[in-house]
Amino acid sequence: MSYALPHPRNQLKGPQFSRRTVMKSLGIGAGALAAPGVLTGCSGGSGGSSGEALSLWNFYGDDGTDSPQSTWWVDLVKKWNENNDQQVELRYLTNATYLDGTTLQTAFTAGEGPDIFLLSTGDFLRYVNGGVLRDLSDKMSDDIVADFQPALLDARSVDGAIYGIPFEAEPLAIYYSVSAFEKAGLSEGDIPETWDQFYDIAGELTTPDQFGSLFATTPGYYQNFTWYPFMWQGDGRVVRKDGTVAFDDAAAVDALDFWGRLIDDGYAARNARGDGASDSASNLGSGAVAMQQSGIWDIATLRQKNPDFEYGVFKLPHPEGKESVTSVGGWAICVNADGKDPDGAAEFAVWAMADQSKEGRERALAWNTEAKTNMPARESVIELAQDKGVWSDGPLQYFADEVAPTGRAEPRLPPEVYKAVSDAIQNVQLSGADGKTEAAKAADTISGFMSTYDGASVAY
Amino acid sequence: MGRNWDVMRTSARASNKARGEARAAWAFLAADTIGLGIFVVLPILLALVLAFFHVSGFGQLKFAGLENFLQLASDRVLPTSLAVTAIYGGLFVPLSYVIGLALALLVERGFPGVGLVRTALFVPYVLSLVVVAIIWQFLVVDKTGIIPQILQVINLGNISWLGDPKYALITLVLISVWYQAGYQMLLLLGGLGDIPRECIDASRLDGANWFKRLWYMILPLLKPTSFFVLLTSTLNAVTGMQAFDLVYVLTQGGPAKSTTTMPFYIYEQAFTYNNLGYASALTLVLVAIMSVVVGLTFKATRGGRFQ
């Protein structure tokens, strides 16, 4: 099936120039485009004619180690290359370069983006509005589409066109240290369910050498991603479905103040160790904090880095009288619309992440339960996991049975909206500002931006 | 006739030698000139051009006229970022100079192991800024870092050095000073070595104590070196990588924008918002401010000669 979507690039109004035209008229090579760009570290891309190997940029492998994640990607590409003329070549970038850095974007800016790459929902609108994503729906049969959890596919779709294939789902929960609970005279029966209970327990767990809790404190997409569920729990949103701004509603204000109160009273850390608040091994595992909000991925991390550490998991706390809701993140594979062979790249992407064969499902299961600990994005893989009893006990079972059903896909918002929300979170959480004032300021900024926004639909 | 030929031959040889020297001079200058042209002049010209375009970050350009510059007036973050940069520079430049000078005076005289001490003081400067940032993140992290643990003895263990807007910027300044002081020490050590020994000896014979010798002899004679040190550290503070790398690794501009220096804000505009055109306009503002500061400094000091 094919969808005719007006290409977002064609939605710009007024006289336009391509980058190459302008550079050519200036007599300047493309390589130096990144001018503000005293700061950029531009990468080489994979220009050239069709027939060359397609480049696949990722932050897992081949990283030169035999880690399960790297090996999975190496095997994936090897398998494809053995059976196809159009070869694929992995290019590994470190987390810092790929997730928070500029390498991917500067490559696209210079017209040398990778043919295939990974993208998070948080960054999706930037790329789809930039017109660099190929619609993959013509390569996906109805059966394939039906196999995916609708919310995860919707988050990567615009008007029926599918611009990314999710291959994992990463819900958030609270991890806690069993020994910290025991030292404070607490037991499983004291596990908090509501915000007020969480606040009290965090206070009891706070000592001169340990914070009761840790939420993300560094500004960025990750912090927003971890904060949204607290707003959702009060039925709040950043933007309503009709496009109007809801960020100044009580739900957002209360969620901002909840995070701020924990920091103000010293029950939550202002900054984190190691790789930050998504790194439980360095924080919870080291005893620096007693409870930490993190994702399902940390089951594997703790298993590898702190195998003897005893921990438990519970659902995100919620306001009194409300239900627990969590954010579900995860990555999708995308194809460069202007790459060497977008058609061939799309075929690879669909085979890699949506292959309906038994081997394809086994491969997806291995990624989600062996190489990493995620929830699969596909129903058939979830069924396979259940048949095999992969989640028969422990924290993975808890995530599968209790946490995942409360999940909502990570919102996709334009950078300007994400930044306004981020500023509000930062000001209330770390600067002691009033939630209501900051929410109103952010809502004002978002309203101003949304009144001129004409890109792909904003979700949630 | 023979003498004329000799004169002509000598003159031709001199002319050939001059041409050869000129060619050699151009050849020596070429590498620097080409490097500066490609890596400094060209990006400046491109930034100038891009400031008049909306650039989406994906190669789409649309002429914007003066819109990017008009946007500067309504940018609510810009004044904050300029203030953060000014405070950072205002604290970093004098602090790093004073500490660099103190270290230079300390290791100027020979004593057993002075070479080792000089090397140890210079070592931070050869480290990657990212490594520096990671080391300090480990040292100052809340409660469990070594520094908070030590400060707990005097009841200051609860300060969040990087997580509290009141302290985050000063923490960055102190880390920057630690990083740069060894380099400045080395430059000032060179300057101290150029001061004629007899001047110092004469002042000592005249009964000047250490402080008077420093104030009336050393500092005035050290002016050209001090000028260079202060100027380069100002440039480093406002536009240098330390104003970006440390922020990028340690705070990402937070908490609550308290460490959003101009280089980091330009980065955010370019690579978070995809506004490369506006980022170029911001870059030009920063370059203009620095040009004025440097120009005034040169004028006030007569090009650093102080005459």
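Which residue of E12(A) is the bridge partner of Ser120(A)? In this predicted model, the partner is Trp331(A).

## The sheet in chain A

Five strands of chain A make up an open sheet with mixed pairing. Their order is E3-E2-E4-E12-E7. Strands E3 (88–92) and E7 (165–166) lie at the edges, each pairing on one side only.

Helix H2 (residues 68–83) of chain A packs on this sheet. H2 touches strand E2 (54–58), E3 and E4, and its direction makes about 165 degrees with that of E3(A). Helix H13 (residues 342–354) of chain A also packs on the sheet, touching E2, E3, E4, E7 and E12. The direction of H13 makes about 155 degrees with that of E12(A).

## Strand E12 and its partners

E12 (residues 331–335) runs antiparallel to E4 (residues 116–120) in chain A, and five bridges join the two. Phe117(A) of chain A faces Cys334(A) of E12(A), standing opposite it.

Strand E12(A) is mostly covered, with five of its five residues buried. Trp331(A), Ile333(A) and Val335(A) point one way. Ala332(A) and Cys334(A) point the other way. In a regular strand, side chains alternate between the two faces of the sheet.

## A nonpolar patch on chain B

Chain B carries a nonpolar surface patch of about 850 Å². Its members are Ile34(B), Leu36(B), Ile38(B), Phe39(B), Val40(B), Val41(B), Ile44(B), Leu45(B) and Leu48(B).

Leu48(B) sits in helix H1 (residues 2–50) of chain B. Leu48(B) counts as partly exposed because its relative accessibility is 42%.

Notes: Residues are numbered from 1 along each chain as its sequence is written. Chains are lettered from A and ligands numbered from 1 in the order in which they are written. This is a predicted model: local features need pLDDT of at least 70, side-chain atom pairs count only at pLDDT 80 or more; totals for chains, interfaces and linings use all residues. Side-chain values use heavy atoms; hydrogens and water are left out. Two strands pair if DSSP finds at least two bridges between them. Helices (H or I, at least four residues) and strands (E, at least two) are DSSP runs, numbered from the N terminus. Contact means heavy atoms within 4.5 Å. Axes are lines fitted to C-alpha atoms, for helices over the stretch in contact, and angles run from 0 to 180 degrees between N-to-C directions. Patches are made of residues with over 30% relative accessible area and no salt bridge: like charges are joined within 9 Å, nonpolar side chains (Val, Leu, Ile, Met, Phe, Trp, Tyr) within 5 Å. Accessible areas come from the Shrake-Rupley method with a 1.4 Å probe; for residues, only the protein chains shown count as cover. A salt bridge is a side-chain nitrogen of Lys or Arg within 4 Å of a carboxyl oxygen of Asp or Glu. Buried means under 20% relative accessible area, exposed over 50%, partly exposed in between (1.4 Å probe, protein chains only).
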